[in-house]
Amino acid sequence: MQIARVVGTVVSTQKHRKFEGAKLLLVQPLNLDDTPRGNTLLAVDGVGAGIHEKVLVVLEGRAAGEALGRKAAPVDAAIIGIIDTVDVRESL
Amino acid sequence: MQIARVVGTVVSTQKHRKFEGAKLLLVQPLNLDDTPRGNTLLAVDGVGAGIHEKVLVVLEGRAAGEALGRKAAPVDAAIIGIIDTVDVRESL
Amino acid sequence: MQIARVVGTVVSTQKHRKFEGAKLLLVQPLNLDDTPRGNTLLAVDGVGAGIHEKVLVVLEGRAAGEALGRKAAPVDAAIIGIIDTVDVRESL
Amino acid sequence: MQIARVVGTVVSTQKHRKFEGAKLLLVQPLNLDDTPRGNTLLAVDGVGAGIHEKVLVVLEGRAAGEALGRKAAPVDAAIIGIIDTVDVRESL
Amino acid sequence: MQIARVVGTVVSTQKHRKFEGAKLLLVQPLNLDDTPRGNTLLAVDGVGAGIHEKVLVVLEGRAAGEALGRKAAPVDAAIIGIIDTVDVRESL
């Protein structure tokens with residue numbers, strides 16, 4: 001799983017029927033010091049996340065479909081938690 | 001999921017039987033400013049997308065098979081929505 | 001899916017029993033101008049492809065197993081079509 | 001599978017219900033000489049690992065869900081073993 | 001699938017129960033000229049491979065679990081064949 005921040009939303013009116021009702025958020029993966037890591041991506045929201053919140057993102061189809069509560073949903077990324085704290089005990 | 005633009009088509013006459021009838025489009029992943037990100041790839045069309053349209057692409061086999069409506073289809077990428085708007089509220 | 005060219009073959013006598021009889025080809029992924037893109041990889045042949053042919057390669061385990069017609073086969077890449085034409089309408 | 005070291009923990013109170021009770025650890029993938037390789041990631045703990053331990057990490061949704069003992073869990077990485085020794089016989 | 005060479009072993013006493021008895025080998029992916037390509041990784045052995053042998057590695061969870069003969073095993077890479085010859089007919 002990755003740590004990311006919600007940075008935007010995407011609207012898609014014409015979409016696959018199994019995707020209806022899913023909220024789609026734009027997330028930016030983060031490094032441990034909260035700087036951006038790599039590119040933004042789109043994830044379905046499984047926990048009711050909002051703009052600016054730091055979230056836990058799962059990047060895999062089966063897992064993302066489970067997060068959405070729809071096994072047959074055509075999705076590959078999902079927000080599965082809102083992060084309270086990250087505690088780094090050791091830096092290599 | 002990724003944001004991409006449809007930039008071409010591919011014709012394959014001799015193909016796997018479970019792939020018959022699927023429309024195959026060439027898509028270019030995009031950055032948030034609509035510049036190209038990485039390489040083009042081939043995705044099956046699950047929503048009736050056309051050339052130049054900005055689309056939502058899922059990159060994973062199970063999910064792509066679901067988008068095509070064929071669980072056992074040998075596919076790994078699919079177009080699952082046509083994007084109306086992308087709203088970036090916060091840039092990190 | 002990726003566009004690739006068949007560039008060689010691999011022989012493996014001692015292999016997993018569910019892999020018996022599968023033809024294994026060495027393929028080179030291509031850019032749209034037919035120059036090589038990244039590294040070569042090994043794919044099982046699901047359509048009867050030959051050396052030098054331009055093919056459609058699926059890169060994912062479930063999908064590749066389907067292409068081979070064996071759901072439980074331990075494979076992660078397969079050739080699922082022979083490409084006739086690639087038509088690029090728009091370059092970003 | 002990858003070799004990694006446990007370097008921290010993450011707390012997420014508001015999370016997907018199938019994720020309840022799972023311990024989430026921050027791990028740093030390692031090279032063979034124990035230097036860091038790439039970015040840290042989050043993995044669910046399937047073996048009771050602690051801070052600083054060298055562990056075996058599986059990076060794939062189905063496998064990670066199995067490690068957690070919950071087939072339908074929305075996870076994509078898991079710690080499946082604690083490493084005693086790595087024996088490199090040949091360096092290429 | 002990738003071509004790799006077995007370069008070492010890993011011992012993990014405390015591991016996930018579904019992982020018991022699996023032999024874990026350290027493999028180095030290779031280029032066509034047998035030079036190393038990228039980083040080493042850990043794969044379960046599905047064919048009885050030994051140190052220095054050139055092997056066929058599958059990189060995907062479902063496929064690797066099949067190679068191990070345990071559908072629910074938490075693994076993401078497996079050795080599925082020992083390579084006799086690689087025949088490159090055409091270099092792009």
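**View 1. Strand β1 of chain A pairs with β6(B) across the boundary between two chains.**
This is a predicted model. Strand β1 of chain A covers residues 2-11. β1 of chain A and β6(B) pair in the antiparallel sense. Four bridges make up the pairing. One place to look is A:Val11, which stands opposite B:Thr85. B:Thr85 belongs to β6(B).

**View 2. Chain B and chain A share an interface of about 2600 Å² of buried area.**
The size of an interface is often given as the accessible area lost when the parts come together. Of the area that chain B and chain A bury between them, 54% is on carbon and sulfur atoms. Chain B brings 30 residues to the contact, and chain A brings 38 residues. How many salt bridges are counted between chain B and chain A? The count is zero. Polar contacts are another matter: 13 residue pairs are in polar contact between chain B and chain A, with both residues at pLDDT 80 or more.

**View 3. Several elements of chain B build the side that touches chain A.**
Which elements of chain B each supply at least two residues to this side? They are β1 (2-11), β4 (54-58), α1 (61-68), β5 (78-82) and β6 (85-88). By class, the residues on the side of chain B that touches chain A are 16 nonpolar, six polar and eight charged.

**View 4. A rotation of 72 degrees carries chain B onto chain A.**
The shift along the axis is 0.0 Å. The RMSD of chain B superposed on chain A is 0.0 Å. Do the copies meet through different surfaces or matching ones? The surfaces are different, because only 7% of the interface residues of chain B are also interface residues in chain A.

**View 5. Strand β1 of chain C meets β6(E) in an antiparallel pairing.**
Strand β1 of chain C spans residues 2-11. Four bridges join β1 of chain C to β6(E). Within this pairing, C:Gly8 stands opposite E:Val88. E:Val88 lies in β6(E).

**View 6. Chain E and chain C bury about 2600 Å² between them.**
Carbon and sulfur atoms hold 54% of that buried area. The contact takes 30 residues from chain E and 38 residues from chain C. Zero salt bridges are counted between chain E and chain C. What the rule finds across this interface is 13 residue pairs in polar contact, both residues at pLDDT 80 or more. On the side of chain E that touches chain C, the elements giving two or more residues are β1 (2-11), β4 (54-58), α1 (61-68), β5 (78-82) and β6 (85-88). That side of chain E has 16 nonpolar, six polar and eight charged residues.

The copies use different surfaces, with 7% of the contact residues of chain E recurring in chain C.

**View 7. Some pairs of chains do not touch, including chain A and chain C.**
The nearest C-alpha atoms of chain A and chain C are 11 Å apart. Chain B and chain D also have no contact joining them. The closest C-alpha atoms of chain B and chain D lie 11 Å apart.

Methods
Residues are numbered from 1 along each chain as its sequence is written. Chains are lettered from A and ligands numbered from 1 in the order in which they are written. This is a predicted model: local features need pLDDT of at least 70, side-chain atom pairs count only at pLDDT 80 or more; totals for chains, interfaces and linings use all residues. Side-chain values use heavy atoms; hydrogens and water are left out. Contact means heavy atoms within 4.5 Å. Copies are superposed by least squares on the C-alpha atoms of residues with pLDDT of at least 70 in both. Buried area is the accessible area (1.4 Å probe) that two parts lose on being put together, summed over both. A salt bridge is a side-chain nitrogen of Lys or Arg within 4 Å of a carboxyl oxygen of Asp or Glu. A polar contact is a pair of N or O atoms within 3.5 Å; within protein, one must be able to donate a hydrogen and the other to accept it, and residues adjacent in sequence count only if both atoms are side-chain atoms. Ala, Val, Leu, Ile, Met, Phe, Trp, Tyr, Cys and Pro count as nonpolar, Asp, Glu, Lys and Arg as charged, and the others, Gly among them, as polar. Two strands pair if DSSP finds at least two bridges between them.
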